[in-house]
Amino acid sequence: MRYEAPQTVDQAISLLAGTDGDPRVLAGGTDLLVQLRAGFIDPELIVDIKQIDETTAITAEDGGFRVGAAVSGARVKEHNTLSLLWPGVVEAADLIGSTQIQGRASMGGNLCNASPAADTVPALIAAGATCALAGPGGRREVPVEEVCTGPGQTILSNGEFIVSILLPARGSRSGDAYLRFIPRTEMDIAVVGVGVSLSLGADGQCSAARVAVGAVAPTALLVPAAAEALIGGVVDDAAIDAMAAAVRAVCRPIDDKRGTVAYRIEVAGVLAGRVCRIALERAGST
Amino acid sequence: MTDSNETPSGNGTGNGKDYKWVGTRAVRPDGVDKVTGRAKFGADLHLPNMLVGKVLRSPHAHAHIRSIDTSAAEALSGVKAVITRDDFSDQPKGAVQPAGEMTINYRDMVRNVMAREKALYEGHAIAAVAAVDARIAAKALSLIKVDFEVLPHVIDPVAAMESGAPIIQEDLITEGMEQSPGAMTNIAKRVEFGHGDVAVGFAEADVVIEREFTTQPVHQAYIEPHACVASMTEDGQGELWLSTQGHYVARGHCATLLGLDVSKLRVQASEIGGGFGGKTVVYLEPLALALSRKACQPVKMAMTREEVFRATGPTSGAHLWVKVGATNDGRITAADAVLKYQAGAFPGSPVAQGAQCAFAPYELNHVRTVGYDILVNRPKVAAYRAPGAPIAEYATESVMDEIAGVIGMDPLAFRLKNAPKQGSQSSYGPKFPVIGCIETLEAARDHDHYQSPLKAGQGRGVATGYWFNIGGQTSATLNLSEDGSVALVLGTVDVGGTRASLSMMAAEELGIDLDKVRPMIGDTSALGYNMLTGGSRVTFAGGIAVVGAAQDLIGTLKDRAAKFWDIPVDDVEWAEGEARATNGYTDNMQPLSLQEIAKDMAKTGGPIVGAHSINAQGAGPSFGTHVVDVDVDRETGRVWVTRYTVVQDAGKAIHPSYVEGQYQGGAVQGIGWALNEEYIYDDKGRLENAGFLDYRVPVCSDVPMIDTVIVEVANPTHPYGVRGVGETPIVPPMAAISNALANALGIRFTDLPMSPPRVLAAIKAANGAATTAS
Amino acid sequence: MAKYHITTRINGDDVEFLCAPEQTLLDVLRDDLRLTGSKEGCASGDCGACSVTIDGRLVCSCLVLAAEVGGQEIETIEGMADGDRLHPLQQKFLDFAALQCGVCTPGFLIAAKALLDRNSNPSETEVRYWLAGNLCRCTGYDKIVRAVLDTAADMRD
């Protein structure tokens, strides 16, 4: 195994594209090193992207923020303006693991590891975030909900990696939130996670919404039907119940050591309602 | 040197006397090393020329081992030794010895440390290598070829009892039961305790409740994995450094398995990063010694966390049936229980202790507990803090609570009405000595926690727990230095602060500053035999040994003073750190301090040493009553413990902070056991949650402060009245929490853990039933 | 197989070491530099016994490759005391009996110090959530949390 720490995106691309033996990108390392130690992966090359400016910067862009793929959750949380703009995304990133994990784990890594239960993914999808990918074929910007194709699988092609994630501008009277269920208070992988972002019009009715749910399917799911239950009306109990029902309807979880099918579907609905109310309250107060 | 089994009288009487050290919160003498990272645990030792050892483990839950080919591994450059079952002689049947709270069968042990005929659980050790570094050792393991014939497996104890179940040990004969000759079984033992006639008792009852319960195996989850460094030399002598609760016991096991004279092996206990019973047995150590013997170099071995979960003993999972009858005015008339505990792949579950403790907090005329020890394809269980009792009392304390509810009686009042006292016939045989069950119940009842109102939606539960505690073989020595300071040599491994309490008793006896006593845990060559640290015995038995050693030292000091003054030794007393002439001799005889006598010891007769060796008897049992408040998110089934109080009888708290620490630590382990901890297996008998991510022990944010009340009903067999306290705290929590949930939700839980999916399912079922009924 | 030559700073001292690519920072600290105060409890970032800070950031050293730490400032438990003066947290842990077996203690001290360096007045809840990545099996956390809160109060005075 080799370890390299390129200084530029192009150097990283040529290292990744130039190796047959399962090259891996290293950002925070909180998934990669666990897999390495457990013997699940045996890469010939590890490419540490933390020396590249673009992957470690948080920059304002078009009213939103471009967050480098390797920026740690701790730094995201400490960024005051970003936390005010997208509190749901930040609280999702803040939920990954412990304080120690937060010191290293990144949203880019969380996305690319493509666990069905990844915490930031439903929140990023709800926010309408996009990723900047860089590879031998050039650059492309992809909505987050298109990145993961299955457990541990992404659309990244040979030599390609995520450089940054763009959190878009947010209008006034909008808010986002993320909730997950875990059996303890910390340190668990999400049994279910739901992210909601919604906007209110001048009339107090919902003008836009995005709802995403994680850990109930091979990938996190954008749930258009749940958004439709909210859009165009007052977000009252009936609308929220309909929204929660739509979330439950798309769940196709498995039984595993972290939860059963029935339990995940039930709690997905419960969390959907709760997180919607938080997003609503945040929207109302901006 | 004294070695009687009598309790030395000492200075302490445990009846409220004012002490200078005992009862204070002195800083522990080994503390600075622990807060600076200097203290050396099992994996912290480096020796020159040291190799790294690793173990190849079975991927199958049950399989014949047809052959093992180690040739490629042995040929790998950097590999210095490879061992398999061929490197260990078999041990004869019937080689059974008591050790700690479990009996040891060496024929089973040699098979557990390295599989012989069969792999009996996933994770069972098959072979081991020693190499110059970890990478080469890992590669060597991958080159070992094992020909397995996979067999059907069974991991559930009830299924293992059925005819037709896969048989784990073909030659097993059930103790305590009739068995047809030639009939193979997985039932290793049947035990029965009790007195009276439960049928008569149930006939007297106005209310009878009968329930079945299940619990899952849970692991001690000590934060430090097993680790050791072994060094065998060309002359057949060996040194072993290991993380253990008992280095003398480990020495005996390793000497037996390696065919060595016991004294050829010198064993040093490292600091131990948690044991709770799980480090009373050997796993890596015989392997490391065997590898070292082959390689003639030191070998370090340390388990990964995954190995700890896959290959070391948790405590049993169980199936329990409990039936209790009581009159309408709250008198229990009969109690009956059948406990089926899984032992893992070899006999030895703590079902007997569970059966003995099950109804211990009650004075009963008619009681019966029956226990079965059952083999399954899982790691051999190891002791876990009051082994057997928490499992049994989860069931019995739940049923007791339910009966109290049915007859409309306060649960503590119900327990008080049936509480045992000194002289009561215990449910398992002996009459109770001086005990504090009633005192803990009353203190719990009168506590602010129990008196304070609950918030809406919350529930409150109580439960009482019991553990016998033990004494055992213990030796201690006090060596007087020439400046009057004292070295206290102990053989009882310090798992959580006993160097402090034992030093405090020594200082109290001698009447000197605590600062003048330097304690250390000696290696196995330094003292007479010391049984392992377990059974909550160290402050009790260690205290007796230390007080005895101090009295022995004082005897010699008085002799020297008497000689110096030329008066009869009966006219010399020892007080406040000095020898004083009494009986009218005082006028010209100034008191002689410890320093003065020490300074002149060469002239007065030579080195001065106090020693005491005993097999301590008369350990005082400890009762504890817990009060817990819970909150439940009724839409997700998540349970929060919002308030927790432990009330427990310590006899005498030598160092109150460390007594409180035992109460708090055991309670939180119990909270984890109640709400989230369990082993999860796939259909191939393989563990799915072999790590701290999915084996969910409580984290800091999961629990509130744990309030404690130390009740002191002195134990007359100890010079200061000490009772062991370490184990009782884990006995009540699961039932207390289950009872609190019953109070909050009106639902009785009968299966551990009471994790969110189970709680939610029960809530929905109860709501569904209510809807149907209405 | 070639090793990497890394130059870094540990507890204020310049340190150089050679490491294999797959070695973690924890491996190098314990096995090569003989700084055994940081412990391996799980090797998967779930127990916090290996906690160190890198450039002031609290991390699990078992999840950092040794090859990554060139040019960075690492602080381990061995650097927490100042000569023979214990850090207030270390002294408080002793005074409050906030340790029993002590194996988790280095990790807790490093983590608690990282908290108090950022937040001089944490609530009990904040302390508990900050320390959720440090497992203790002996104490039930009670005395640890009290020690941290009390130290914070002392340091504010």
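In the predicted model, Val76(A) sits in helix H3 of chain A, which covers residues 73-78. With a relative accessibility of 1%, Val76(A) counts as buried, because the cut-off for that class is under 20%. Setting aside neighbours within four places in sequence, the contacts of Val76(A) are Ile58(A), Val67(A), Val71(A), Leu82(A), Ser83(A) and Val90(A).

Turning to chain C, the fold is built from five helices and five strands. Read from the N terminus, these elements follow the order β-β-α-β-β-β-α-α-α-α. The radius of gyration of chain C is 16 Å, close to the 15 Å that the globule rule gives for 157 residues, so chain C is as compact as a globular protein of that length. Its C-alpha trace spans about 50 × 30 × 25 Å along the principal axes. Of the 157 residues in chain C, 63% count as buried. Contacts within chain C also reach along the sequence: among those between residues at least 6 apart, 54% join residues at least 24 apart.

How much area do chain C and chain B bury between them? The size of an interface is often given as the accessible area lost when the parts come together. For chain C and chain B this comes to about 4100 Å², with 59% of it on carbon and sulfur atoms. Three residues, Leu94(C), Gln100(C) and Arg137(C), supply 20% of the area that chain C buries against chain B, more than any other three residues. In terms of contacts, 45 residues of chain C meet 53 residues of chain B.

Polar and charged pairings also run across this interface. Between chain C and chain B, 22 residue pairs are in polar contact, counting pairs in which both residues have pLDDT 80 or more. The side of chain C that touches chain B draws two or more residues from each of helix H1 (25-32), helix H2 (88-95), helix H3 (105-118), helix H4 (124-130) and helix H5 (142-156) of chain C. By residue class, that side of chain C comprises 21 nonpolar, nine polar and 15 charged residues. Six salt bridges are found across the interface of chain C and chain B. Glu22(C) and Arg135(B) form a salt bridge through their side chains, with an N to O distance of 3.3 Å.

Terms used
Residues are numbered from 1 along each chain as its sequence is written. Chains are lettered from A and ligands numbered from 1 in the order in which they are written. This is a predicted model: local features need pLDDT of at least 70, side-chain atom pairs count only at pLDDT 80 or more; totals for chains, interfaces and linings use all residues. Side-chain values use heavy atoms; hydrogens and water are left out. Contact means heavy atoms within 4.5 Å. Buried area is the accessible area (1.4 Å probe) that two parts lose on being put together, summed over both. A salt bridge is a side-chain nitrogen of Lys or Arg within 4 Å of a carboxyl oxygen of Asp or Glu. A polar contact is a pair of N or O atoms within 3.5 Å; within protein, one must be able to donate a hydrogen and the other to accept it, and residues adjacent in sequence count only if both atoms are side-chain atoms. Helices (H or I, at least four residues) and strands (E, at least two) are DSSP runs, numbered from the N terminus. Ala, Val, Leu, Ile, Met, Phe, Trp, Tyr, Cys and Pro count as nonpolar, Asp, Glu, Lys and Arg as charged, and the others, Gly among them, as polar. The radius of gyration is taken over C-alpha atoms; the globule rule is 2.2 Å times the number of residues to the power 0.38. Buried means under 20% relative accessible area, exposed over 50%, partly exposed in between (1.4 Å probe, protein chains only).
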